[in-house]
Amino acid sequence: MTRRAVVRGTGHYLPERIVDNKHFEQMLDTTDEWIRTRTGIERRHFAEDGQTTSDLGMRAAQAALDKAGLSAADIDAVIVATSTPDLTFPSVATMIQSGLGIQRGFAYDVQAVCAGFVYALANADAMLRAGLADRLLVIGTETFSRIMDWTDRSTCVLFGDGAGAVVLEAAEGKGDNTDRGILALDLNSDGRYRDLLYVDGGVASTGTAGHLRMQGNLVFRHAVEKLAATAHLALDKAGLSPEQVDWLVPHQANLRIIEATARRMGLPMEKVVLTVADHGNTSAASIPLALSVADSRGQFKPGDVLVAEAIGGGLAWGSVVLRW
Ligand code: UT7
C-alpha cells in the first residue's frame with residue numbers, strides 16, 4: 001500500500017478588475033494585435049489597491065474547501081506558492097491559515113516563481129507520504145501587477161493577478177499508476193540563468209520590492225525545450241506514455257509555448273487546458289487557476305491522467321503527473 005495525495009477539491013479567485021489589451025495602447029507603443037498574436041493574451045485581472053496576495057489566496061482556499069465539502073478545522077497544513085508576498089514575513093501561508101480560522105498544524109511559503117505551484121505540490125506530496133499531514137491546502141497566489149514596470153512594454157502586458165487552490169487528501173493506493181492522486185514529479189533549477197528573468201530589487205539588496213525584468217525571447221527558447229522534457233521525465237517515472245495523457249495543464253505564459261509543448265508531446269490541443277487568453281501569466285497561480293477553471297467546467301473525469309508543467313525565474317522548472 002502507498003499513501004497518495006488525491007485532489008479532493010479545487011477553487012480559485014480572480015480580482016474583479018479586468019483590463020483588456022486596448023488599455024495598454026493608450027500608455028505604451030503596443031497593440032492589441034501584437035499582444036494577441038505573440039502571446040494569446042486578451043485580458044487579465046488586476047487586484048485593487050489594498051487587495052493583497054493573501055486576500056486572493058484566502059478566497060481561493062475557501063472556494064476549494066467549499067468544493068471539497070470540508071471546513072478549515074479539517075486542514076493539517078497550508079502551503080502557499082508565491083513570489084509576491086504581502087510582507088517579507090510572516091509567510092502568506094500563515095496569514096491564510098489564521099484568516100481561515102485554522103489554529104493547528106503548520107503553514108509556510110514556497111518560492112520558485114512560475115514553477116512554484118509544482119514545487120508546492122512536491123512539498124505537499126512529501127509531507128503527506130511522510131505522515132506529517134493528512135489534508136493539505138496547496139495555494140498559488142500572486143499580485144504580479146505590484147512588480148511591473150509600466151513603462152516596459154515587453155513585460156507589463158504579460159502578467160495578471162489571481163489565485164488558485166487545491167485540497168489534497170491522503171488515500172491508500174496500490175502503489176501502481178492506476179492509483180488516483182499524485183503519481184510522479186520532476187523538479188529542476190539552474191541558477192546560471194538568473195539574468196534571464198528576475199526582479200531588480202529585494203530586502204537585502206535595494207530594500208525595495210523592485211520590478212520584473214525578462215529577456216523574453218531567451219526564456220521562450222528554454223521553455224519550449226525544457227517543458228516537454230520535464231513532462232516526458234515525469235511521465236516516465238509514472239510508467240505512463242504521452243498517449244495515456246488525458247489533459248495537459250500547462251503554465252499559462254504564452255499560447256505559442258503551450259502549443260509547441262503540446263506538439264512536442266504529441267498531444268492535440270483538445271487535450272490542453274487554456275486560460276491564458278483570460279488570465280495572462282499569473283506566475284505560481286497559473287496552474288491551480290487552470291485546474292480549478294477546468295474542474296468547474298466539468299472537464300476532468302475521475303481516473304483521467306493530468307500532466308501539469310511550468311518554468312520561470314531561476315530558472316526553475318518542473319512537472320507533475322496525477323490521476324484525477
Ligand atoms: O512565466 C515565466 C516564463 N515566461 C515566459 O514563458 C515568457 C516567455 N517569452 C515570451 O512569451 C515571448 O518571448 C514574449 C511574448 C515575451 C515576446 O515575444 P517574442 O516573439 O519572443 O518577441 P521578442 O522579444 O523577440 O520581440 C520582438 C519585437 C521586438 O522589437 P524589434 O527588436 O524586433 O524591433 C520587441 O521590442 O517585439 C517588440 N515588442 C513589442 N512590440 C509591441 C516587445 N514587446 C512588445 C509589445 N508590443 N508589448
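Domain 1 and domain 2 bury about 3800 Å² between them, and 64% of this area lies on carbon and sulfur atoms; buried area is the accessible area (1.4 Å probe) that two parts lose on being put together, summed over both. The model is a predicted one, in which local features need pLDDT of at least 70 and side-chain atom pairs count only at pLDDT 80 or more, whereas totals for chains, interfaces and linings use all residues. Residues are numbered from 1 along each chain as its sequence is written, and side-chain values use heavy atoms, with hydrogens and water left out.

Domain 1 spans residues 2-173 and domain 2 spans residues 181-323, the bounds coming from an automatic or database domain assignment. The centres of the two domains, taken over C-alpha atoms, are separated by 14 Å, and the contact (heavy atoms within 4.5 Å) takes 53 residues from domain 1 and 48 residues from domain 2.

Across this interface, 3 salt bridges are found, a salt bridge being a side-chain nitrogen of Lys or Arg within 4 Å of a carboxyl oxygen of Asp or Glu. K67 forms a salt bridge with D295, in which the closest N and O atoms are 3.0 Å apart.

R153 touches L28 and D29, when residues up to four places away in sequence are not counted, and the C-alpha atoms of R153 and F24 lie 8.4 Å apart although 129 residues separate the two in sequence.
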